[in-house]
Every structure is written in C-alpha cells, then in structure tokens.
Amino acid sequence: MSILLLLMTATAAPAQNRPADIPRQIFGKVQVVDATTFEFRKSGQTVRLAGYEAPRLEQTATSDGIDWPAGQVSRAWMILRTLGQNVNCAPIARDANGVILAHCFVGETNLAATAIAEGIGYAFNYRDEPQVSAYFDIERKARGLGYGVWSSPDLLPPWLYTASTANGDKARASSLEPDSGLPLPLPVGPKTLNPNEVHGG
C-alpha cells in the first residue's frame, strides 16, 4: 500500500479549510526538537506532525527482557530521516498551543506514516485536532506484527505516561482507566475497531 496515496485523501479536506494565518508550505532543513516536532532552520517556524505521537524522551521499553530507550530511539529515528535532507511540510492547522500541525515529507516519504509503520510511534490526535484515519490502519498492522513500541507490553503510550507523571503517581500508571479522558490502545483482535474510538480522537 502506498503511504503517499493514503495521505492524499487525508490531506485534501483539511487543506481546503486552512486558516489564513497558516502557510501553504514550509520547506527546508530542520532541527529535530523531539520525535514529533521540527524547527525549520531558516524561518524558525516550529511544526508538529499531524496525527502522530511518539514516546517521551525519558521513556524506556522492555522487549524480550531487553531494556531500550524508546523515547531516544524515536527521536534518533527522526533525526536520521531528516539529517541533511530538505523537509517539505503541508500545514493543515494549529494545535492548542499555536504550533503548526502538518503532514511532512522527505522526498515522497511521509515521515509520520513511515514512523507508525515501523513501530516508532503511534497514530493519535488530541482533541480538536485533524484526524488522519489512514494512520490507524497503518498502526494496526505494526501492532499486529509487534514492531517497535508494540514489542513492549508495559510501555505506556505517551499521553498516558504524561498523565501519570503529572499526577506524580507512576506506580499507578498501568491502572489508569480509559474514562480518564486518555484512552488506552486496545489489543489487536479479530473485530475491526473504529480507530477514533481506540484513541479517543
């Protein structure tokens, strides 16, 4: 399945409703701030990948008894994908903090979709942000194959990890209930799930 083709549908509708203060395109070299956010070197504009979330920098995972720095791996992955490359972003909205949300590419590679496919991060949208339903289909495959973040059953999704640390109660993080407003991803099963219900989009 072509990741580029999947995104064309997801991008078309939001692009038509783009607010006046959002540029049509941002292009150039970037500094990776974290696994989901770039700063364009020439313009200084900050962009966050739409429909994508990654482990926090300090998060660690355990796969087959081996500990690994999930957050650092996610950031390093994004650095390697963009280092020395021009990144082409198509802005679609701003988040609650005023940061531009965009679909970003290196050549024809959709960075968020590829990261999700390789288990580097998650398909996720915060409330009132544009939904990218194609990403949830990509995530379902990565989850079924046990790639990356999906190889570590005890790794909290970043939105739950943030909530648990904000409450100062890491010990109870694994028992947070979905009705906290930050839903847990559901296990892969034979039933087809609505991706927006899975992540509370």
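Reader: Which backbone oxygen does the side chain of Thr 82 reach?

Author: In this predicted model, the side chain of Thr 82 reaches the backbone oxygen of Met 78, at 2.9 Å. Thr 82 belongs to helix α2, which spans residues 70–82. As a general idea, an α-helix has 3.6 residues a turn, so residues three or four places apart point the same way.

Reader: Are Thr 82 and Thr 114 buried or exposed?

Author: The cut-off for buried is a relative accessible area under 20%. Thr 82 has a value of 3% and is therefore buried. Thr 114, at 11%, counts as buried because its value is also under 20%.

Reader: With which residues is Thr 82 in contact, leaving aside its neighbours within four places in sequence?

Author: Thr 82 is in contact with Val 30, Val 32, Phe 38, Val 87, Val 106 and Leu 111. Two of these names, Phe 38 and Val 87, return in the description of the nonpolar core.

Reader: How many residues does the largest nonpolar core have, and which have the most contacts inside it?

Author: The largest nonpolar core has 29 residues, and those with the most contacts inside it are Phe 38, Tyr 52, Val 87 and Cys 104. At least two residues of this core come from each of β2 (30–34), β3 (37–40), β4 (46–49), α2, β8 (87–94), β9 (100–106), α3 (111–117) and α4. Helix α3 supplies the largest share, 5 residues. Another core, of 13 residues, lies apart from it and includes Ala 142, Trp 159, Leu 160 and Tyr 161.

Reader: What does Cys 104 touch, not counting residues up to four places away in sequence?

Author: Cys 104 touches Phe 38, Val 47, Leu 49, Val 87, Asn 88, Cys 89, Thr 109, Asn 110 and Leu 111.

Reader: Do β3 and β4 run parallel or antiparallel, and in which sense do β4 and β9 pair?

Author: A general point concerns the side chains: in a regular strand they alternate between the two faces of the sheet. In this structure, β3 and β4 run antiparallel and are joined by 3 bridges. The bridge partner of Thr 37 is Arg 48 in β4. The two strands β3 and β4 form a hairpin with 5 residues between them, and Gly 44 in the turn has a positive phi of about 75 degrees. By contrast, β4 and β9 pair in the parallel sense over 3 bridges, with Leu 49 opposite Ala 102 in β9.

Reader: Which residues of helix α4 are buried, and what follows just after α4?

Author: In α4, residues 133–145, the buried residues are Ala 134, Tyr 135, Phe 136, Ile 138, Glu 139, Ala 142 and Arg 143. Just after α4, Gly 146 takes a positive phi of about 70 degrees.

Reader: How many aromatic pairs does the structure hold, and how is one described?

Author: A pair of aromatic rings is described by the distance of the centres and the angle of the planes. The structure holds 4 aromatic pairs. One of them, Tyr 122 and Trp 150, is edge-to-face, at 5.3 Å centre to centre with 80 degrees between the planes. Tyr 122 lies in strand β11 (residues 122–123) and Trp 150 in the loop between α4 and α5 (158–166), so this pair ties together parts that are 28 residues apart in sequence.

Reader: How are the rings of Tyr 122 and Trp 159 placed?

Author: Their centres are 5.5 Å apart and their planes stand at 75 degrees, so this pair is edge-to-face. Trp 159 lies in helix α5 and Tyr 122 in strand β11, so the pair ties together parts that are 37 residues apart in sequence. Tyr 122 counts as buried at 2% relative accessibility, and Trp 159 is buried with a relative accessible area of 2%. Tyr 122, Phe 124, Tyr 126, Trp 150 and Trp 159 form one aromatic cluster.

Key
Residues numbered from 1 in each chain as written. Heavy atoms only, no water. Helix = DSSP H or I, 4+ residues; strand = E, 2+ residues; numbered from the N terminus. Buried < 20%, exposed > 50% of the residue type's maximum accessible area, 1.4 Å probe, protein only. Polar contact = N/O pair within 3.5 Å; in protein donor to acceptor, adjacent residues only side chain to side chain. Contact = heavy atoms within 4.5 Å. Core = buried A, V, L, I, M, F, W, Y, C linked by side-chain atoms within 4.5 Å. Pairing = 2+ DSSP bridges. Phe/Tyr/Trp six-rings, centres within 6.5 Å; stacked < 30°, edge-to-face > 60°.
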